[in-house]
Amino acid sequence: MADQPSEKAIGRMRVFVDKYCEKSGTFKHPGEGVTESVILGLAQNVDDLGRPLCPCRFYPDKNEEIKHRTWICACDDMQIYKYCHCLLFVDKEGLPITEYLPDDHEGREMYGLVKDPLPDKGRPLRDKAEEREVERRERPS
Ligand code: SF4
């Protein structure tokens, strides 16, 4: 495992983040270094695993985890609820959107209700919310 992700992977993730913000109606975090550190984590996983596995989580076995799409960026929580655990895709103030999360989701508990500033964009998998709930209860988020 390299100490630093490759420039190629970093570049790929930078482009992805810009495009995904536009597509999902979210923003990059205004705080210095927040976005960059998540990009570096994603890029490292691209180099190590071949997939942009979410870097903000612990996995007992990363190679096993990438067989599921749940935590491949943009993860299920982002595509279903427009919620980013890593603060990579947030509102203009830097808060993650929690409006669509189930009430007992950790995001709601941590940040309270954060409204979606651009509700016409994002959530392409919103119809999978019920399925995701079952999975979340079986494999806690
Ligand atoms: S929480 Fe989801 S959207 Fe946010 S960085 Fe991780 S995988 Fe990407």
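Tutor: A residue is buried if 20 or more other C-beta atoms lie within 10 Å of its own. Please keep in mind that this is a predicted model.

Student: Where does Arg123 fall on that scale, buried or exposed?

Tutor: Arg123 has 21 other C-beta atoms within 10 Å, so it is buried. This residue lies in the loop between α5 and α6, the latter covering residues 129-138.

Student: What is the phi angle of Arg123?

Tutor: Phi is near 55° at Arg123, a positive value in a residue other than glycine. Lys82 also carries a positive phi, near 65°, and is likewise not a glycine.

Student: Where is Lys82, and is it buried or exposed?

Tutor: Lys82 sits in the loop between α4 and α5. It has 28 other C-beta atoms within 10 Å and is therefore buried.

Student: Let us step back to the overall fold. Which elements does the chain contain?

Tutor: The protein chain has six helices and zero strands. Read from the N terminus, the order is α-α-α-α-α-α. The radius of gyration is 15 Å, close to the 14 Å given by the globule rule for 141 residues, so the chain is as compact as a globular protein of that length.

Student: And what are the dimensions along the principal axes?

Tutor: The C-alpha trace spans about 40 × 35 × 25 Å along those axes.

Student: How many of the residues count as buried?

Tutor: Of the 141 residues, 31% count as buried. As for contacts between residues at least 6 apart in sequence, 50% join residues at least 24 apart.

Student: Now the helix packing. How do α1 and α2 cross?

Tutor: Helix α1 (residues 7-24) and helix α2 (residues 34-49) have axes that come within 8 Å and cross at roughly 125°. That angle makes α1 oblique to α2. The crossing is right-handed.

Student: Changing topic: where is the cis peptide bond?

Tutor: It joins Cys73 and Ala74, with omega about 0°. Ala74 belongs to the loop between α3 (62-65) and α4 (76-81).

Student: I am also curious about Lys92. Is it buried or exposed?

Tutor: Lys92 counts as exposed, because it has 11 C-beta neighbours inside 10 Å. It lies in the loop between α4 and α5.

Student: What does Lys92 touch beyond its sequence neighbours?

Tutor: Not counting residues up to four places away in sequence, Lys92 touches Phe27 and Pro117. From Lys92 to Glu109, the C-alpha distance is 20 Å, and the two are 17 residues apart in sequence.

Student: Finally, what about Lys121, and where is it found?

Tutor: Lys121 is in the loop between α5 and α6. With 15 other C-beta atoms within 10 Å, Lys121 is partly exposed.

Student: Which residues is Lys121 in contact with?

Tutor: Leaving aside neighbours within four places in sequence, Lys121 is in contact with Lys23, Ser24 and Gly25. The C-alpha atoms of Lys121 and Glu32 are separated by 26 Å, and these residues are 89 apart along the chain.

Technical notes. Residues are numbered from 1 along each chain as its sequence is written. This is a predicted model: local features need pLDDT of at least 70, side-chain atom pairs count only at pLDDT 80 or more; totals for chains, interfaces and linings use all residues. Helices (H or I, at least four residues) and strands (E, at least two) are DSSP runs, numbered from the N terminus. The radius of gyration is taken over C-alpha atoms; the globule rule is 2.2 Å times the number of residues to the power 0.38. A residue is buried if 20 or more other C-beta atoms lie within 10 Å of its own, exposed if 12 or fewer, and partly exposed in between; C-beta atoms are placed from the backbone. Two residues are in contact if their C-beta atoms, placed from the backbone, lie within 7 Å. Axes are lines fitted to C-alpha atoms, for helices over the stretch in contact, and angles run from 0 to 180 degrees between N-to-C directions. Angles under 35 degrees count as roughly parallel, over 145 as roughly antiparallel, 65 to 115 as roughly perpendicular and the rest as oblique. A crossing is left-handed if the near helix is turned anticlockwise from the far one by less than a right angle, and right-handed if clockwise.
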